[in-house]
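Please keep the sequence and the model in view while reading.

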Amino acid sequence: MGRHYSVSEGNLYIFTTGRDRLLDLGVFPAELNLFEADSAWRISPWIAVVENVLQKAAEMAQIILQLNDYEKISIPTKIMEHYFLDGDEYSLLETIQQASVEATPVINLPDDAP
Amino acid sequence: MHQYQIGLTASYIALTLGGFYFIYAIKYYISSLLALGLFSIDPEKLQSKPFHRILSLQNQDEITIGDEPWVSIHLPFFNELNVARRILEACMDINYTNYEVLVADDSQDTTIKILHERGWRHGSPIIKFVHRKDRSGYKGGALQQAMKYIHPLTQFIVVFDADFVPPTNIIRQFIHQFRLHEQDKKPVAAVQGYQLHYLNRNENWITKGVRAEFSGSYMVERLAEEILGAMKMVSGSVFMFKASVLRELGWNHSITEDWDLTIRLYIEGFKVVYTPMIQAPAEIPTTVRRIIRQRMRWAEGHTFAVRKYFLSAIRSGKLTLAEKLEFLYFAPYYLQSFIFIIGSVAWIIAQHYKRHPTFWTPTLGWSLVFSNFLAIPMMGLTGIFLEGDLAEDFNGVFSFIALSYFIMPYQAYAALKGLVEAEEGFWFRTLKTGHITDYFLGLKLRGIIEWIKKLRKSRELDALDTIRVPVKLPIRRLLFFSIVFLVIWPVLEFVSGASTGSSLVNNLGYMLRGVVNG
């Protein structure tokens, strides 16, 4: 289970896995032009995508997402797009797991450590 | 001499165009007779006929849960504030498991606030929203965009316009039709259902007229086309496509994207199946202005597409003779308005100067006028009779006549525009109000009540209880004989004039006097 977001190729992907439900999109102010009439976006039960987000709007959106307990994660666009199509979590969870392993700091112990 | 030439020329023009229009009229009359005939056949005997599939209903047990192919329902939206929630809720209620609903949204108003509601994100059925920031390619553009985001397992795609209310069993009925035609020599690309323009039929005289018009088109004309194996059109809403075919052909950016796709699929060797047994009620445009804009778009887009694909369709070896004939008939469909106007003006001029060809009897012109004038209204009357609504909706035919003559000049102009312009014009959307005067979720069919009763084994068909038992009046025969008379009257007048130089009425009078006087 998890709440994540990813910025890839200029698109903002907001997604959940497991039983978590997507946040209310009304939390984003209209000024950011994310899910408004003048932007291209997509929503499914488990992922919301905004295409070609402006840098400043993306930064503001990330702050809002973090305030709503969403965690930034780096996922390839192809996997995100596939997740939009069928909601199959398998590939996505695998990538999330891999990303979290990579993000875990490796502690190099000295050679004479007990 | 000058007046003589004008009058004679006008009379020849009137006769040629009247005759041309009469070809259309004959088709409408024959279609009406076929529809009346089909619903007169005993259900038991109908089973053995090759066209029994037209009236076939799906059995509840036919498609089990494990056997359900994946279906993607596409809903093109453009500022659908009044109806968005209604169609989404109807789609959520469909009795099927493996399906998603995909809204192809181009809205620029607060419709998007409805789409943002969290209630649509329960996950069953999956509801996806794909919003574009512009309207490039209009409805075809939006539907093509939606194609990129369908579920990978999708086998069938269904399209509904936003003002429709699909019944719960509609997906199963569509799949049933596909399965019935699995063994056909020609592969079926799409199944078209009946767009039952009904929900606000009692709103005003315009809605009554359009209701009668659509009844004639869907209960009579398309039914006859199906019986005859002719080309049938995919009509913008209430149809199911094989996803593989739609992936291959795609939607074009035409203002009549449905007709454009229809021609292309026939050129590629596919066909469309029509059945009146799949019905989805919808709204009717409520003002003359909206109707005019809608029909001008249809006329322009239709004629433009015909010009674009005419030679490919005619030369294609993949169209059958019946399909090619139907295409030839349908090609100048909206130019009929232009032909009718020119023909009528020529006839008035000819009458004014009293100049006619030798075989032109006084009643030949009138017989053509009456026969042509009443062809489509008779088809509408037949349609609403077969639906069991004649008592309530017969006056819609008068509205339809008034409406059709009112919009005729606009339609003629738009058709001519489509014929000569380099690029298509704009899409003026038809506003949906969400206003309902008559709600109906069942089947509007009178002629096969017994047939349906026999098939009413499943729970879903209980809605058919709402069908009233027909009143036994000789209306069927009355319609039948009126139609036959209207078809043969101009023909007999022509034969009479050409052979004796006198009108049919006069000849019959002479004959009658001869008999009386011995």
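## Burial, sheet and core

Of the 518 residues of chain B, 50% count as buried, where a residue is buried if 20 or more other C-beta atoms lie within 10 Å of its own, exposed if 12 or fewer and partly exposed in between, with C-beta atoms placed from the backbone. This is a predicted model, in which local features need pLDDT of at least 70 and side-chain atom pairs count only at pLDDT 80 or more, while totals for chains, interfaces and linings use all residues. Residues are numbered from 1 along each chain as its sequence is written, and chains are lettered from A and ligands numbered from 1 in the order in which they are written.

Chain B has 18 helices and seven strands, these being DSSP runs numbered from the N terminus (helices: H or I, at least four residues; strands: E, at least two). Its radius of gyration is 24 Å, close to the 24 Å that the globule rule gives for 518 residues, so chain B is as compact as a globular protein of that length; the radius is taken over C-alpha atoms, and the rule is 2.2 Å times the number of residues to the power 0.38.

An open sheet of twelve strands, with mixed pairing, runs in the order 5(A)-1(A)-2(A)-4(A)-3(A)-3(B)-2(B)-1(B)-4(B)-6(B)-5(B)-7(B), two strands being paired if DSSP finds at least two bridges between them. Its edges are strand 5 (71-72) of chain A and strand 7 (271-282) of chain B, each of which pairs on one side only. Within chain A, strand 1 (residues 2-8) and strand 2 (residues 11-17) run antiparallel and are joined by seven bridges, and A:His4 has A:Phe15 as its bridge partner in strand 2.

The largest nonpolar core has 158 residues, and B:Ile87 and B:Val158 have the most contacts inside it; such a core is a set of buried Ala, Val, Leu, Ile, Met, Phe, Trp, Tyr and Cys residues joined through C-beta atoms within 7 Å. Helix 1 (residues 2-38) of chain B gives the most to this core, with twelve residues.
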